[in-house]
Amino acid sequence: MRDASPGTIYLKDYQPPEFLIARTELHFELFEEYALVHSQLQVQRNDKANDSHRSELTLHGQELELLSIAIDGVALGEGDYTVDAASLTLASVSDAFELSVTTRIQPQNNTSLEGLYKSRTMFCTQCEAEGFRKITYYLDRPDVMAEFVVTVDADSARYPVLLSNGNLVESHPIEDGRQRAVWHDPYPKPAYLFALVAGDLAHIEDRFTTQGGREVTLRIYVEEKDIDKCDYAMLSLQQAMRWDETVYGREYDLDIFNIVAVDDFNMGAMENKSLNIFNTSCVLSSPDITTDAGFQRVQAIVAHEYFHNWSGNRVTCRDWFQLSLKEGFTVFRDAEFSADMGSRTVKRVEDVNLLRTAQFAEDAGPMSHPVRPDSYMEINNFYTLTVYEKGAEVVRMIHTLLGPQAFRRGSDLYFERHDGQAVTCEDFVRAMEEASGEDLTQFRRWYAQAGTPQLSVTDNWDEEAGEFSLVIRQHTPATPGQTEKAPVVIPLAMGLLGDAGNLPLKLRGEVPDAETADNTHRVLRIDQEEQTFVFTGLPERPVPSLLRGFSAPVRLRYDYSVQDLCALMSRDDDGFVRWDAAQALATRAIEAVQAGEPVEPLLLGAAQDLLRDETLDAAMVAEMLALPGENYLAELASQHGGADVDAIHLAREKVRTVLGEALEPQLRPRYSALQQAAPYSPDAQQIAARSLRNICLDYLVAADAAHLQLASDQFSAASNMTDRLAALRVIAFYGDESLRDETLQQFYSDWRDESLVVNQWLQVQAAIPDEGALTRVRKLMQHPEFDLRNPNRVRSLIAVFCTQNPVNFHRIDGAGYRLLAEVVSELDPLNPQIAARILAPLTKWRSYRGRADLMRAELQGLLETANLSPDVFEVVSKSLADQG
């Protein structure tokens, strides 16, 4: 058991830094057994600090061997400083001085993948949030921003490419077969944005000319074997640069922009100034190895990291409690970019699926926290869906309330006012207020208040008066540490659907003008616990079309009839509402089967109509035909007494079969008609066709196992990974053991040399919902391809099993829980950040019927483990302490 709990850091305790660093010069000498880091810091007292007269200076530092230390060229004696496991403290310093420190580190042994480490044969860094302190002693906090000059020395044969932030100043050979590169970043930045890469890398190169005329060199560095997989990332980067100029007026500000692909990486990518470091899974792509979803992911993440150049780098966050300032805003920006590049409605559906399945569950769990947290033990645990995805929804609501033009004025003001500064969420909101004239005082509660608000809507129809009333109540359930909740501002986009389509909207007492007379869509501002809205001049009782476009991250409760849902699904002019109605119908069908009732015939008829109508967007048809996932169904059930995992799985499979049988006459011809002869392209039209075709295949096999031959034929003939993997999944999930094993082995034999495809091979097997799943996963953990030190492999096998195979993870004997606890215990000493992240499924122990004691026991066992990391300790202790 831990000897002591890690300390908690509170937002209320924030103090400006007592010292600042104006200039940072780093000299790295890289060797195979160690690295030497020489730092020269121009330190000066911060006159704006609350206590600006202290003579003591404390620098952050972890896992460092201190070799020398000097101030203004004079070496310090042992009595002049103290060193412990987390810091270096100088006993007495002046108002301005140069601090010189030399440390020795061992990148090749750094399995945490934070700071400077080795990935295969390459040196690379990951410094967000607090990795820089594993490189040298420093004021490792985001509100300390410095100009950086970086010198890198390394063996010229092993590491011919030496990269860092900014522009290359010089590069030349030095003694003993080594070479030197010097980089200068003129834009002050916090240490978390520092980056270094040294390796034997190939690259592709292109150019981009900004609107202002700057010629920017664009390079993507990869291992030589992957040089043919960079073109789409380069195209995506150029599209993002042009989009940011057009939509936000933001131009790139240096002469070079580099991306490097790294196989061992804790995150998806990192926005280091001018030197983005990417997980290979987020930058490499080709039709042979990448699915349509993979291409979309590359496009979105390349854009996300580029957009950070302004929303994160030029304007950064004052402290880590403000993380959503850069991440929420940038996720909103990348979502809008992706929507403009493809289908806006499908993109919205994908984002909402993630929110309602995972972020809502996070809001309802023991790690629930506001978009701007109040406290943390380990900041790495707060790179969450709440900070990122819900944070993006908060920005989206501001955009909805203000309108696009006022929002643009607000973002312009924000960037102009705070360029080169480390600021807060409050600064962002204030800029939006000042640019629009809107009072966002009450809206700020979204940043400070945890939990998912619930909107309960009832109605009344007065046929004689032609008036339709909506009574809307809001309530946010208690969350850990926040028992009392105040009303928030909720933009509720809505419409009213009649027999012939959406009806014009007029509120009682409202005088319509030329712009609103024929308006069929509007946004209601919900800012009280209860409000009533009365719509007049209606010729018929309408069906309310609520939360259009998912205008706010809330749970909506309205008593729709099956007929209402069918009407919305078939006739409403909001694509999101149509999809949501289809999901609600399917959810009711699954719940009915759980209760021993038959599948609603109206659902079958509505699905048949969808397939018959070839004028509809194929991508939306695919989304509307897809059944709600088991995790989403479990999340819904957790709000009403707990989820019965086995019953959910069996009922969903039953509905899938019934739908397949009902749709079979339409499925086969549609499947054949959607086959494409054109060369592969990840464009919206082709992606839509493949998506619907593969949904048809899944339902065909559900209707009759004889259709597995279609899957086998598709697997053999596929010219792209999307179709190949879809066929493999159907065979693996529903084929007999012989066919499944033969096809999986064939897939592995064909693609064993492609690491990213091997990840997909592991993912498919981890998710197979048969009785042998756990045994299969344990066997794969012994496979030569599995490496506990590689986050991609851990996510592909362990995380997928625990999150995408619920019927086996939640086995009634608790064996799935034991597997996860064992992996976390083994992984924690190596990479605590990943260990804490994959632990999340166990934290939901209160949500599952008959499993709580088993899940809690594994958490308790972890809590009693010796030398538990702060990362894992925080997750486990909060999970057990929450009695919510």
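## Sheet and strand pairing

Strand S26 (residues 467–475) runs antiparallel to S30, and six bridges join the two. Strands here are DSSP runs of E with at least two residues, helices are runs of H or I with at least four, and both are numbered from the N terminus. Two strands pair if DSSP finds at least two bridges between them. Arg473 has Glu530 in S30 as its bridge partner.

Both strands belong to an open sheet of four strands, ordered S30-S26-S25-S32, with mixed pairing. Strand S30 (530–535) and strand S32 (555–558) stand at the edges; each has a single partner strand, so one side of each lacks a neighbour in the sheet. From one strand to the next, the twist averages 20 degrees.

## Basis of the model

This is a predicted model: local features need pLDDT of at least 70, side-chain atom pairs count only at pLDDT 80 or more, and totals for chains, interfaces and linings use all residues. Residues are numbered from 1 along each chain as its sequence is written, and side-chain values use heavy atoms, with hydrogens and water left out.

## Helices H5 and H7

The axes of helix H5 (residues 385–402) and helix H7 (residues 425–436) come within 12 Å and cross at roughly 5 degrees. Axes are lines fitted to C-alpha atoms, for helices over the stretch in contact; angles run from 0 to 180 degrees between N-to-C directions. H5 and H7 are therefore roughly parallel to each other (angles under 35 degrees).

H5 contributes Val395, Ile398 and Leu402 to the contact, and H7 contributes Phe428, Met432 and Ser436. Contact means heavy atoms within 4.5 Å. The contact residues divide into five nonpolar, one polar and no charged. Ala, Val, Leu, Ile, Met, Phe, Trp, Tyr, Cys and Pro count as nonpolar, Asp, Glu, Lys and Arg as charged, and the others, Gly among them, as polar.

## Arg242

Arg242 is found in helix H1 (residues 231–248). Arg242 is partly exposed, with a relative accessible area of 36%. Buried means under 20%, exposed over 50%, and partly exposed in between (1.4 Å probe, protein chains only).

Leaving aside neighbours within four places in sequence, Arg242 is in contact with Phe208, Thr209, Thr210 and Gln211. Its side chain reaches the backbone oxygen of Thr209 at 3.2 Å.

## Helix H9

Helix H9 (residues 562–571) is mostly covered, with seven of its 10 residues buried. Among the buried residues are Val562, Asp564 and Cys566. Their cover includes strands S27 (490–498) and S31 (543–546). Helices H10 (575–594), H11 (601–612) and H12 (618–625) also contribute to the cover.

Terms used. Parallel < 35°, antiparallel > 145°, perpendicular 65-115°, else oblique. Polar contact = N/O pair within 3.5 Å; in protein donor to acceptor, adjacent residues only side chain to side chain.
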